[in-house]
Amino acid sequence: MLILPWMKANAAEENGSYDDRYCTTCHGADGRGNYGVQAPRLAGMEPWYLQRQLENFRAGLRGVHPSDIEGIAMRPMATKLTDESIADIIEWVGSWDYVSTENPYRR
Ligand code: HEC
């Protein structure tokens, strides 16, 4: 597994501010998504869906097919998560409001 310096092995080990979590590195500030790395929007995501997908990545049900380049990028982010840190993440991500990214450049 590739370990980048900004990755934390376990979100539950973090204390204090949520701001330094690594999810936003790919999924964008406030989980708005990042087209550049094909990371989808997390803001506004239903808690049950978010939980199930993190569990699926962790269990190797998702992000394992050799041609699933994006899934392979995401899977290592979930493999070290505990049930506790998943619950914690759901609470954190749940605080982000859905903001339409349709034409984000229009002011
Ligand atoms: C290295 C970049 C990267 C990081 C860091 C990252 N992700 Fe992802 N994530 C992705 C990519 C790329 C996808 C798209 C995978 C796919 O299409 O199957 C994805 C997909 C997801 C999905 C599935 C979305 C859907 O619509 O089904 C969820 C949920 C998710 N990420 C949550 C997280 C959380 C929570 C964190 C932090 C613990 C995180 N990601 C960190 C890149 C990343």
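The protein chain has four helices and zero strands, where helices (H or I, at least four residues) and strands (E, at least two) are DSSP runs numbered from the N terminus. Along the sequence that reads α-α-α-α. Keep in mind that this is a predicted model: local features need pLDDT of at least 70, side-chain atom pairs count only at pLDDT 80 or more, and totals for chains, interfaces and linings use all residues. Numbering starts from 1 along each chain as its sequence is written.

Now for the helix pair H2 and H3. Their axes (lines fitted to C-alpha atoms over the stretch in contact, with angles from 0 to 180 degrees between N-to-C directions) sit 8 Å apart at an angle of about 95 degrees. H2 and H3 are therefore roughly perpendicular to each other, a label for 65 to 115 degrees. The residues that meet, with C-beta atoms placed from the backbone and within 7 Å, are these:

| Helix | Span | Residues in the contact |
|---|---|---|
| H2 | residues 47-59 | Leu54, Phe57, Arg58 |
| H3 | residues 69-79 | Met74, Arg75, Ala78, Thr79 |

That contact divides into four nonpolar, one polar and two charged residues; Ala, Val, Leu, Ile, Met, Phe, Trp, Tyr, Cys and Pro count as nonpolar, Asp, Glu, Lys and Arg as charged, and the others, Gly among them, as polar.

Key
Parallel < 35°, antiparallel > 145°, perpendicular 65-115°, else oblique. Contact = placed C-beta atoms within 7 Å.
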